[in-house]
Amino acid sequence: MDIIDNLILGFSVALTPFTLFLAVVGCFLGTIIGALPGLGPSNGVAILIPITFSLGLDATSALVLMTSVYYGAMYGGRISSILLNIPGDEPALMTTLDGYPMAKQGRAGEALVLSGVASFVGAFLATLGLILLAPVLAEVAYSFGPAEYFALYLLAFCTLGGMSSNNQAKSALAACLGLGISMIGVDNSSGMERFTGGNLHLMDGIDFLVAIVGLFAIAEVFFFIESHGKSSSIGIKLEKVVIPWKSIMETKWVMLRSSLLGFVAGVLPGAGASLGSFMAYMSEKAIAGEKGGFGTGVPKGVAAPEAGNNAAAGGALVPMLTLGVPGSGTTAVLLALLMTLNITPGPTLFAERPEVVWGLIASLLIANVVLLLMNVPMVKIFVRVLQVPPWILLPGVTMVSFVGIYSLSGSYFDLLLMVGFGILGYALRKLDIPTVPVILGILLGSNMEDALRRAMVIADGEFTYLFSSPIAIGLWIAAIVGFVAPMFLRNILKKPQRITD
Amino acid sequence: MKAPAFKKIAAGVLLSVGLVGNSFAAECIAPASPGGGWDFTCRIIGKIMYEIGAVDKPIQVTNMAGAGGGLAYNHVVAERNDDVDVFIAASSATATRLAQNAYAGKTADQVRFVGAIGADPGVIVVADDSPYKNLKDLLDAIIKDPKSVTFAGGSAVGGFDHLKPLMLLQRAGFTDVTKVKYIGVNNGGDAITQTIGGFTQAMTGDMSEVVGFLKTGKVRAIAVLTEERVPGFEDVPTAKEQGYDVVAVNWRGMYVPKGVSDEVFNMWAERLQKVADSKQWAEAMTANGLAPFTKVGDDFQEYVTNVVKEINTMSKDIGVIK
């Protein structure tokens, strides 16, 4: 078997005591980086790249260290989502929806262990997918043009309606707010500035991380100040941490489905991890229906987005390695690392540099196992964060957020913007408007618009081009079904509920 | 026992941040997010400078993404004007944007351009099954029916990748350049993917972006925009030999703040020259599809001034700016 031989080659390159040590260090650093608000996987990896040079690491060791950090950060993002209701990075956004309610019920340990296992399943399956299918999957990217991407984003958007269970109008409003914010910046299709007021800092638009940290972390601080520290949502009772075998078994199909969906989203260069976790969450929510209790703290709502986003992180490596096209911010950084090591990813990489590719794959597998072994016992340490008094914890989180955001572009403007988002988040929460759709609006809006504008340039404004391929039509149908179905299903689903009430 | 664990983690993080902060001497600002060309320039030049001993401590790379390099440019002009320990990655895109006044009124003479030590030749690429066999086929098709061809490139509308086909069409006598269809995607790789997929008919970009795809035979390069054919790619004809006199290379270089002394300027020029002469740089160039292009010191400053003038005139001609 070729694959076995290749894997042996990979492990012979990547599995030495020294690289194992690096993997442990990388996973640990990555987990911390992922958990700290404002420090996402991409700036985490970027910050650590110079260290690989100053340590004089060779190509393989550098790769092992960085992929461990990458996967570690994807694992770590969930920790602050669950414990503090502050997503550590954008793919961890969806984990707040059920993870934090679980923590509030005193099930923080369970949520953390479960999400760790889900992360492992997602990342492991994605790595398997990468091994078995990478060359085939690379071809998928060729069949996605602007029209197909537009339909894909539309599909994501149409499921947004089911996002908030109590008030659809409010979540639609929040999504529109996000869409509006995503319009800020240089318009890619005309080269002209929009809504920037001539401010250079706004020309590239608003970074998701700034919005996330502002809306979640900074808003939390405002609430804390307002209540004089009394009604802070942080400071939760704790139960003993045990491995929740029951929840793990219950969510095994959820993990598998979400991994598959996340992986596909990751493979598409124009989609990425955030879309992967979002789609995984929304489709599981749809499958579970109203009685599934998504949004109130159910294990499935934690397992789905975590399996989804970690699978997407692995999937994103497919276009990066086979096409040299980064599907996400972090893979762009890994691409930069490879290029500084004089390795140019592209269609010939698998044939020309097998030791690099298979070394990387082996190090992914190593990192994944190390992360699982490390994360489950570490849950006991993580949950202790909750016992830190809020008057120490919140200023600490704020400080880390400021440092993290400053490291993004090295300008104080982003810090002001972040505080601005904090105020917005405070106002929105006072009005009981969910903040998650705002972020999704920003995240999806600009990509969706770019895809539409490109399609229109290609087709000279002929809108039928949007339905010109089977993939596009399929996605349109899914989008329409996703939008319309909940309206009818709601009536059907409500009846039995009344009886049980 | 709760707090100590948290404190240990916090202390560990602070300690490592402190150590990292101390161990750097000079700083290279990459005016873009990690992963792009400028980031590459900073990281690889910084790495080689340290390896060959041109600097005694590793170079710290700061990513200052924003406004297509404008944010970093303004930052350097306004706040770091006499900082001797900083250099900033630059390329043809920097010159293009300066020429198009896209840096909020800042001009090219507000910094000192130290040098360029490599260039990425411009290329026009079509899918392997494309009916356009050479540059003439493609340009003639556009002149006949501008709607028949869409270009994909990694820069936004009006950027360097967009200008390349427009310059070619201008040489071919086609002046209604606003009719030419172009979509700006996220990067060169995306542009190629769209072209192989048949969504766009041609890709305009840099040689480094197409190297891997050329080897697989999925795409054909129909023109390279250099004076002579590029070593290693002798079968790709230049635009010039096909009768369209356009040279467009994306040089990779750097600038330093205006306020530094001549000694400091020369020190950076010397360091850059050492990198240019190193074995490591030669390897990095081959691996990344760069062609030799060494202009260091006052020569380079003059070159940039001329290029900015030229692009400014051309951008007015083609209506990108008034």
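## Surroundings of Leu98(B)

Leaving out neighbours within four places in sequence, Leu98(B) is in contact with Tyr103(B), Thr107(B), Ala108(B) and Val308(B); two residues are in contact if their C-beta atoms, placed from the backbone, lie within 7 Å. Leu98(B) belongs to helix H4 of chain B, where helices (H or I, at least four residues) and strands (E, at least two) are DSSP runs numbered from the N terminus. Leu98(B) counts as buried because it has 25 C-beta neighbours inside 10 Å. A residue is buried if 20 or more other C-beta atoms lie within 10 Å of its own, exposed if 12 or fewer, and partly exposed in between, with C-beta atoms placed from the backbone. Gly69(B) is 29 residues from Leu98(B) along the chain, and the C-alpha atoms of the two are separated by 9.9 Å.

The model is predicted: local features need pLDDT of at least 70 and side-chain atom pairs count only at pLDDT 80 or more, whereas totals for chains, interfaces and linings use all residues. Residues are numbered from 1 along each chain as its sequence is written, while chains are lettered from A and ligands numbered from 1 in the order in which they are written.

## Domains of chain B

Chain B is assigned domain 1 (26–120 + 250–318) and domain 2 (121–242); such bounds come from an automatic or database domain assignment. Taken over C-alpha atoms, the centres of domain 1 and domain 2 of chain B are separated by 26 Å. Their contact takes 13 residues from domain 1 of chain B and 17 residues from domain 2 of chain B. On the domain 1 side, the elements that give two or more residues are helix H4 (92–99) and strand E4 (111–127) of chain B. H4(B) gives the most to that side, with three residues.

## The largest nonpolar core

The largest nonpolar core holds 275 residues, and the members that touch the most others are Met66(A), Phe150(A), Ile439(A), Val114(B), Val125(B) and Val210(B). Such a core is a set of buried Ala, Val, Leu, Ile, Met, Phe, Trp, Tyr and Cys residues joined through C-beta atoms within 7 Å. Helix H6 (residues 108–138) of chain A gives the most to this core, with 16 residues. The core lies between domain 1 (26–120 + 250–318) and domain 2 (121–242) of chain B, because both give residues to it.

Not counting residues up to four places away in sequence, Val125(B) touches Ile192(B), Thr195(B), Ala202(B), Met203(B), Val210(B), Val219(B), Arg220(B) and Ala221(B).

## Helix H7 of chain B

H7(B) is largely enclosed by the rest of the structure, because nine of its nine residues are buried. These are Gly188(B), Gly189(B), Asp190(B), Ala191(B), Ile192(B), Thr193(B), Gln194(B), Thr195(B) and Ile196(B). Their cover includes helix H14 (317–323) of chain A, together with E4, strand E5 (150–153), strand E7 (202–206), H8 and strand E8 (219–224) of chain B. Just after H7(B), Gly198(B) takes a positive phi of about 85°.

## Contact between the chains

Across the interface, 57 residues of chain B are in contact with 51 residues of chain A. Among the elements that give two or more residues to the chain B side are helix H1 (2–22), helix H2 (37–51), helix H7 (188–196) and helix H10 (279–287) of chain B. H1(B) supplies the largest share of that side, seven residues.

## Helix pairs of chain A

The axes of helix H4 (residues 59–84) and helix H5 (residues 95–104) of chain A come within 6 Å and cross at roughly 50°. Axes are lines fitted to C-alpha atoms, for helices over the stretch in contact, and angles run from 0 to 180 degrees between N-to-C directions. H4(A) and H5(A) are therefore oblique to each other; angles under 35 degrees count as roughly parallel, over 145 as roughly antiparallel, 65 to 115 as roughly perpendicular and the rest as oblique. Arg78(A), Ser81(A), Ile82(A) and Leu83(A) in H4(A) meet residues of H5(A) including Thr95(A), Gly99(A) and Tyr100(A).

The axes of H6(A) and helix H11 (residues 252–267) of chain A come within 9 Å and cross at roughly 45°, which makes H6(A) oblique to H11(A). Residues of H6(A) that take part include Ala118(A), Gly122(A) and Leu137(A), and those of H11(A) include Met255(A), Gly262(A) and Val267(A).

## Surroundings of Val298(A)

Val298(A) lies in the loop between helix H12 (273–288) and helix H13 (299–315) of chain A. With 22 other C-beta atoms within 10 Å, Val298(A) is buried. Apart from residues up to four places away in sequence, Val298(A) touches Asp98(A), Gly292(A) and Gly293(A). Val298(A) and Ala336(A), 38 residues apart in sequence, are 39 Å apart in space, C-alpha to C-alpha.
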